[in-house]
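Here is a short briefing on one protein model. Read it with the sequence and the 3D view side by side.

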Amino acid sequence: ESKDNVVIMSHKIPDPYAIGAAVGLYRLGLSLGRKAHIVMNEATISVRPIVEELLACEEYDEDMFITRDTAKEITDDTLLIVVDVNHASYTECEELLDQTNTIVILDHHRKGKETIKYPVLSYIEPYASSTCELVAEVLQYIATKPKLLPVEANAMYFGMLIDTDNFVNKTGVRTFEAAAFLKRSGADLNKVRKMSRTSLDTYKIRAKAVSDAEIMYGSFAIATLVGIGIDSPTVVGAQVANELLDIDGIKASFVLTGVEERVYVSARSIDEVNIQNIIQLLVSGG
């Protein structure tokens with residue numbers, strides 16, 4: 001309420017759970033009469049169904065989504081909300097963190113060495129299933145009771161569905177309460193399911209990566225995914241990592257995805273292995 005503008009930013013290569021949380025906060029900004037923007041430099045294949053549905057809605061301004069270059073034009077009188085990430089170098093536009101003194105963080109990942117410094121509010125809850133869950137809770141506590149549009153409820157529900165692997169991973173009572181709130185807000189489960197479908201070519205690439213995976217020490221699945229010619233290869237790599245956990249006896253999965261001159265690692269576990277500790281040793285990530 002004390003700022004004229006609200007800019008919402010997630011991590012690089014945004015995914016459905018990051019965009020879903022951003023959309024919920026975008027609605028909060030609009031409900032308080034503020035100009036709001038979501039920073040997204042590129043719509044990956046996983047978020048494209050959400051973005052296309054939002055942009056087709058006449059409710060929103062054309063600048064609902066802005067690039068990082070446009071976002072750099074923000075002034076000091078702007079609230080910057082960072083969602084689904086708390087590492088400064090992982091954000092969509094790290095320069096924005098130095099351009100405003102009012103930063104809010106909402107995330108469900110554990111803090112690391114590169115945690116964003118000096119936020120006015122840091123709501124980091126590692127026990128939450130997703131940032132969409134946190135945002136759904138926040139919206140219910142706002143005095144003005146912002147009303148989500150069905151398309152926004154769909155985006156948040158989709159993000160929660162993907163981040164929990166269909167309500168299997170890290171779900172608790174609060175997760176289902178948040179899901180119930182989104183359903184009451186108009187989330188259409190059939191539309192959400194259609195959002196999660198993929199092309200046959202991508203499905204075949206995922207299946208090949210799973211079939212070629214190697215099992216080490218009887219407990220760790222390691223697979224590789226070549227990013228050449230694949231739309232949003234890191235997203236596909238994350239999907240493969242999730243699927244590998246469905247193999248009996250697997251405690252953790254690692255998928256290495258080559259994109260240009262970089263190798264991205266998607267790591268997943270259920271409960272027996274702390275993946276973040278391993279990844280932090282490798283790439284200072286999480």
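Arg206 is buried, with a relative accessible area of 12%; buried means under 20%, exposed over 50%, and partly exposed in between, using a 1.4 Å probe and protein chains only. Arg206 forms a salt bridge with Glu243, and their closest N and O atoms are 2.7 Å apart. The model is predicted: local features need pLDDT of at least 70, side-chain atom pairs count only at pLDDT 80 or more, and totals for chains, interfaces and linings use all residues. Residues are numbered from 1 along each chain as its sequence is written, and side-chain values use heavy atoms, with hydrogens and water left out.

**Salt bridges**

- Side chains of opposite charge can pair when their charged atoms come close.
- A salt bridge here is a side-chain nitrogen of Lys or Arg within 4 Å of a carboxyl oxygen of Asp or Glu.
- A search of the whole structure finds ten of them.
- In the pair Glu243 and Arg206, the closest N and O atoms are 2.7 Å apart. Glu243 sits in helix α9 (residues 233–244) and Arg206 in helix α8 (residues 200–211), so the bridge ties together parts 37 residues apart in sequence. Helices (H or I, at least four residues) and strands (E, at least two) are DSSP runs, numbered from the N terminus.
- Glu243 is partly exposed, at 27% relative accessible area, whereas Arg206 is buried.
- Asp61 pairs with Lys35, with 2.9 Å between the closest N and O atoms. This pair links distant parts of the chain: Asp61 is in the loop between α2 (48–55) and β3 (65–66), Lys35 is in strand β2 (residues 35–39), and they are 26 residues apart.
- Asp61 counts as partly exposed at 40% relative accessibility. Lys35 is also partly exposed, with a relative accessible area of 31%.
- Asp69 bridges to Lys72, and here the closest N and O atoms are 4.0 Å apart. Asp69 is exposed at 52%, while Lys72 is partly exposed at 32%.

**Surface patches**

- Patches are made of residues with over 30% relative accessible area and no salt bridge; like charges are joined within 9 Å, and nonpolar side chains (Val, Leu, Ile, Met, Phe, Trp, Tyr) within 5 Å.
- Lys191, Arg193, Lys194 and Arg197 gather in a positive patch on the surface. Lys and Arg count as positive and Asp and Glu as negative; His and the chain ends are not counted. The place of a charge is NZ of Lys, CZ of Arg, CG of Asp or CD of Glu.
- Lys194 lies in helix α7 (residues 189–195). Lys194 counts as exposed, at 56% relative accessibility.
- Leu256, Val263 and Val265 make a nonpolar surface patch with about 230 Å² of accessible area together. Accessible areas come from the Shrake-Rupley method with a 1.4 Å probe; for residues, only the protein chains shown count as cover.
- Leu256 belongs to strand β9 (residues 252–259). Leu256 is partly exposed, at 33%.

**Overall build**

- The protein has ten helices and ten strands.
- Its radius of gyration is 19 Å, close to the 19 Å that the globule rule gives for 286 residues, so the protein is as compact as a globular protein of that length. The radius is taken over C-alpha atoms, and the rule is 2.2 Å times the number of residues to the power 0.38.
- Along its principal axes, the C-alpha trace spans about 55 × 40 × 35 Å.
- Buried residues make up 49% of the 286 residues.

**Distances within the chain**

- Ala223 lies in strand β8 (residues 220–226) and is buried, at 1%. Its C-alpha atom is separated by 8.9 Å from that of Leu244, 21 residues apart along the chain.
- Thr102 is in the loop between β4 (78–83) and β5 (103–107) and is buried, at 16%. The C-alpha atoms of Thr102 and Ile222 are separated by 41 Å, and the two are 120 residues apart along the chain.

**Backbone angles**

- Most residues other than glycine have a negative phi.
- Phe167 is not a glycine, yet has a positive phi of about 60°. Phe167 lies in the loop between α5 (150–163) and α6 (173–184) and counts as buried at 18% relative accessibility.
- Tyr217, also a residue other than glycine, has a positive phi near 55°. Tyr217 is in the loop between β7 (214–216) and β8 and counts as exposed at 73%.
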